[in-house]
Amino acid sequence: MISWLSPSVFFLFISSVNIVPNLGSLPPEAEVSYSKSGDFIIGGLFSMHFSISDLCDYGLLKDAVHRSELMIFAIEQINNRTDILPNVTLGFAIRDYCGLESIVASVALSLAGIIGTDDGIPETPQHGQLLGIIGTGGSATSVATALVTTVYKIPTIGYSGSTIELSDHDRFPYFLRTSPPANLQARAIVDILIRFDWVYVGLIYSLDSYGIHGAQEIQNLAEENEICLAYAETIRESATENEVQEIVDKILRFKRASVIVFFCSSIGGARGILPALIRTAPSHPGITIISSDSFASSASLVEWGVAHLAEGSFLIKNYYKDVPGFQDYYRLANFGDTDPLNPWVNAVLSTCRQDNTCSKVTWGSHHVADAVYAFATALDEILQEDCEGDVDCLLNGTVTGENVISHLRDIKFEGVDGLFEFDANGDPVGKYRVMSTQQAMDSSYNGVELGVWDSRGTVGDRLDIQVDGLRWSYGAEKLPRSICRDECRPGYKIVPLEEKCCYGCQRCPQNAIVTNSTECVECDEFHWPTLNFTRCTMMIPSYIDLQNGITIIVLVLSSFGIILSSIAASGILYYRQHPLIKATSRELSCVNIMGLFVAFLSVFLILSYPSSVSCFISDASIALSLTLTYAPTFLKVNRIYRIFTSAKKSNRRPKYVGQRAQLSIVSILTLVQLLISIVSVIVAPTLPKLYQPSKFDNYLEIFCNFGNGFIASCVYNLLLILACCFYAFKTRKVPSNYNESKFIAVSVYSTLILCLAAVPVYTTAVAVIQKVATLCMALILNAYLTLVCVYLPKLYAVRFVDDLEISTGWRGATGATAATGDAAGPRAVSITQPRHSSRVHPFPLAASFPDTMESEVSGNL
């Protein structure tokens, strides 16, 4: 059993270590070692001095000194516990590598007891068996250490190096770390970009392992999350002014990338970028920086004189937690009555006593303590599992590098910040503080902690920060935009521009909506986009505007026609016993005027809002009005033709010329039209139809689309009109006293010409108002022609002409001849009815025949 060692075994020695000849000798500062004997030794590599050359002569780093003390404190904690490594004592050996890759490898070899023996076999240090090494504090030096320790199978746990390169398990099988790798920093940075929708950013990274691998991770994550890198520029540690200016020019060229990610292992040449930016563009609108933990702090931004430019920037800093009891231990051990044993603490105390800052004790990285706990836990597992608690077994060659590293990769223990374990790459979970540079009330700039980023959270919950009231560059309160995309108004789609990752706006067609902001999709027929162009809705169809000038004219003409038709009908009824009215076949005239009245009334139906019912009624009324107009007209002119033709051959009256026969025939002709209308409703009805003059106009009209049934009605009426035209032509040479047929001919000829003109106008019209106006005007003009040519002159003559010459009888070819000696046709017997004088009025229109067609004058008068 191994007894606990007394504190008196602590010793300080300064010695020169013989290194393999090709490594050269070490600076005196790197030869200082602070160690304690134990059954197992944990080596510690800390950069106690900061170097700008190959010499350790630039100053002492207090943080490194504190971390070395934290390692000692953690080892003492383990030695004082009974639940882990009972009867086993841990010792330590701490060395300074001055932050230089050229020194750290030699120091690591000296810790392992590797000296220049003839056979090259390493020798174990005399004060205990080396369990492993903790270190280093930087990425480059950690890589150099891992390369050496891997060769000699020495387990190494880094406490600060974060380069992604160290996660390569195949290359560094004996390296693990308690500080998170840089790829987690990259994820934290990208999560911030996602949080604020910054999708167009710049990237500047250091030209070393840390910067190159970190930048590669950011590029990969940015691509996965559709974040575009406007540029990715490298910066050397010793960058020249020209190199710095090239990067500044790139920042100015891509002004829309107002967010810049800095992923640099040290300030180095990157520190000159922001001051150079202000010198080059004093009126620059400002930038937002998101930097990794190795870049500048808020104090550095103030020191460079660029804090106002970079206010609101995010600084990703390693998350450190105070190790319980360490502060008291440090004060008691190093500020008591006795001088501390740690040589670097002595140097720190010497300096702080001069500037009176000894009471300012900084924290130490809890990652160092976790590294100690990891070694102790792995060694305890070997003791309990492999040696079954037998300490002698543990000391007799059981502890090897292969055995220790295998247990290290599988351990779980309660670390300073909760449960700790290594992943498959030998990395821990990642947790970072998110800091921001903000201006205080006294106008000074300080670092403000906004929250944390924890890789153990879900994708959307890893970033936990509070940004309410956060001020941005130059104190702006509005969230900065970092996007190369124009703000498109509704109805515009996003289109790529020539510049990388930049997008402009392009107008979509008026009848299209915008989907996914990148595609124009035309609306279906009779649909139109909403005001925000996100969906299509059915257009509300419009119809004839009753306030339209054309509509008003049509309505006035139709109303006046109804009045004239009513006057004509009233006049015929009032003067129904007048010889002139009786001679015009008053029953057929009444039917004719009824057709005119229906024609004028149809205009109002046509102008009403289209529906299934109104369209059918309009269809039927138009067809019926024409039938009622031309069926009696056809019978009139046919009767004239038959009478004159028959009179040349016989004195017998032709058949079916009486009023009853004529009314029966006109009823049959009208009934045929009604049947056609009824069948058309069933087979090919007239229905409302939508009409959009142009698919690019938000205008939709509705009208009655006349079907094939209406065409059949029109054909039927056309046959009646043609028949009227035929008989009107045949009777063109009747005696002048019978020239009502001439006026009928004028009426039907005009109607035929009007139809021939109206049909092409109607079919080629574009707007509904043109179609409807054409149809209405055709009906109105046709009705007016009949009124003016046939009925109004008769009524005028009856009411206002003093002397009328009226034909009252006829004689056949075998009867007595007229005074004119015309034996070939009927002879007119004229009776003059004086009113105010005995003068025979030369009025051109005389009746054709009395209604009863009797030969005696007395029978008609």
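In which sense do strand 10 and strand 11 pair, and over how many bridges? Strand 10 (residues 259-263) and strand 11 (residues 288-291) pair in the parallel sense, over 4 bridges. This is a predicted model, in which local features need pLDDT of at least 70 and side-chain atom pairs count only at pLDDT 80 or more, while totals for chains, interfaces and linings use all residues. Residues are numbered from 1 along each chain as its sequence is written, and side-chain values use heavy atoms, with hydrogens and water left out.

**The open sheet**

- An open sheet with mixed pairing is formed by 8 strands in the order 9-8-10-11-12-15-16-17. Two strands pair if DSSP finds at least two bridges between them; strands (E, at least two residues) and helices (H or I, at least four) are DSSP runs numbered from the N terminus.
- Strand 9 and strand 17 (463-465) stand at the edges, and each has a single partner strand, so one side of each lacks a neighbour in the sheet.
- On average, neighbouring strands of this sheet are turned by 25° against each other, direction ignored. Axes are lines fitted to C-alpha atoms, for helices over the stretch in contact, and angles run from 0 to 180 degrees between N-to-C directions.

**Strands 8 and 9 and their helices**

- Strand 8 (residues 200-206) and strand 9 (residues 228-235) run parallel and are joined by 7 bridges. Tyrosine 205 has threonine 234 in strand 9 as its bridge partner.
- Together with helix 5 (residues 209-224), strand 8 and strand 9 make a right-handed β-α-β unit. Right-handed means that, with the strands pointing away from the viewer, the path from the first strand over the helix to the second runs clockwise.
- Glutamate 226 lies in the loop between helix 5 and strand 9. Although glutamate 226 is not a glycine, it has a positive phi of about 55°.

**A cis peptide bond**

- The peptide bond from glycine 135 to threonine 136 is cis, with omega near 10°.
- Threonine 136 is placed in the loop between strand 5 (129-134) and helix 3 (139-151).

**The second largest pocket**

- The second largest pocket has a volume of about 780 Å³. A pocket is an open set of points on a 1 Å grid over the protein atoms alone, with protein on both sides within 12 Å along at least five of seven lines; a cavity is a set where a 1.4 Å probe fits but cannot get out, and lining residues have an atom within 4 Å of a point. Grid points are joined across faces, edges and corners, and a volume is the space filled by probe spheres set on the points.
- The second largest pocket is lined by 30 residues, and Phe710, Cys714, Cys755, Val759 and Leu775 lie nearest its centre.
- Helix 20 provides the largest share of this lining, 9 residues.
- The lining of the second largest pocket divides into 21 nonpolar, 7 polar and 2 charged residues. Ala, Val, Leu, Ile, Met, Phe, Trp, Tyr, Cys and Pro count as nonpolar, Asp, Glu, Lys and Arg as charged, and the others, Gly among them, as polar.

**The cavities**

- The count comes to 7 cavities of 30 Å³ or more, and about 90 Å³ of space lies in the largest cavity.
- Residues lining the largest cavity include Tyr543, Phe703 and Lys771.
- Helix 21 gives the most to the lining of the largest cavity, with 3 residues.
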